[in-house]
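Here is a short briefing on one protein model. Keep the sequence and the 3D view open as you read.

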Amino acid sequence: QMLRISQLKLPVTHTEEDLKKKIVHTLMCRTEAVQSYEIIKQSLDARKKDNIHYAYVVDAEVKNENKILEKNKDTELVPASITKIMTLTLIMEALEEGKIQLTDSVSVSEYAASMGGSQVFLEPNETQTVDTMIKCISIASANDAAVAMAEKIAGSEPNFVKKMNEKAKELGMKHTQFKNCTGLDDDIKSGHFSSAYDVGLMSR
């Protein structure tokens, strides 16, 4: 059974014995069956291998930045569907500010329905709730749903992308620029890029 270190609610610096006890309790297994410390140690050691080219890893459960690994963190790369983290961030902000509600209807434009790539095959003029659209974006990485929500919030995808870049600047994302809300067909030459560190900022 696989188990994330964060599920243990213990920092990786805890003693071997404490880790074993926690895993035994979590998995309800015998102490002899657990070789937790060595497994976790191997996992941490693997992060330092040369096959990791770009990374910025922190302990998300620690309020101050507890950096575990950093490598080429500011190199500008194609973010692809990671772009939708910012799309979802702005959707959640709109919900918190009361600009939209989970039960609101979202109408799908012909443009949104034409996105292609990862999608849920929304039809032009189809309506779904904000709640459903969020699930489509989060679970299926749906480009059509992402654009439909961008249009719902900002009137058009370009207007929404402007808000994405404003939010990136606010978060201190110095090596990020968005050209769309999906990450579909993006490339650095087009001006759509991010970095390992900026993705970390965006995801916190």
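Predicted model: local features only at pLDDT ≥ 70, side-chain atom pairs only at ≥ 80, totals over all residues.

Residues are numbered from 1 along each chain as its sequence is written, and side-chain values use heavy atoms, with hydrogens and water left out.

**Helix H3**

- Helices are DSSP runs of H or I with at least four residues, numbered from the N terminus.
- H3 has 14 residues and reaches 21 Å from its first C-alpha to its last. That is close to the 20 Å expected at 1.5 Å a residue; the expected span is 1.5 Å times one less than the number of residues.
- Buried residues of H3 include Thr83, Met86, Leu90 and Ala94. Buried means under 20% relative accessible area, exposed over 50%, and partly exposed in between (1.4 Å probe, protein chains only).
- An α-helix has 3.6 residues a turn, so residues three or four places apart point the same way.
- The cover over the buried residues of H3 includes H5, H6, H7 and H8.

**The largest nonpolar core**

- A nonpolar core is a set of buried Ala, Val, Leu, Ile, Met, Phe, Trp, Tyr and Cys residues joined through side-chain atoms within 4.5 Å.
- The largest one has 35 residues, and Met133, Met149, Met164 and Phe178 have the most contacts inside it.
- Among the elements giving two or more residues to this core are H3 (83-96), H5 (130-140) and H6 (143-154).
- H6 gives the most, with 7 residues.
- Leaving aside neighbours within four places in sequence, Met149 is in contact with residues including Ile91, Ile100 and Met133. Contact means heavy atoms within 4.5 Å.

**Lys167**

- Lys167 lies in helix H7 (residues 157-170).
- Lys167 counts as buried because its relative accessibility is 10%.
- Leaving aside neighbours within four places in sequence, Lys167 is in contact with Met86, Thr89, Leu90 and Glu93.
- Lys167 and Thr89 are 78 residues apart in sequence, but 9.1 Å apart in space, C-alpha to C-alpha.

**Ser195**

- Ser195 sits in the loop between H7 and H8.
- Ser195 counts as buried because its relative accessibility is 3%.
- Leaving aside neighbours within four places in sequence, Ser195 is in contact with Lys73, Asp74, Thr75, His175 and Thr176.
- A polar atom of the Ser195 side chain lies 3.2 Å from the backbone nitrogen of Asp198.

Note on methods
Polar contact = N/O pair within 3.5 Å; in protein donor to acceptor, adjacent residues only side chain to side chain.
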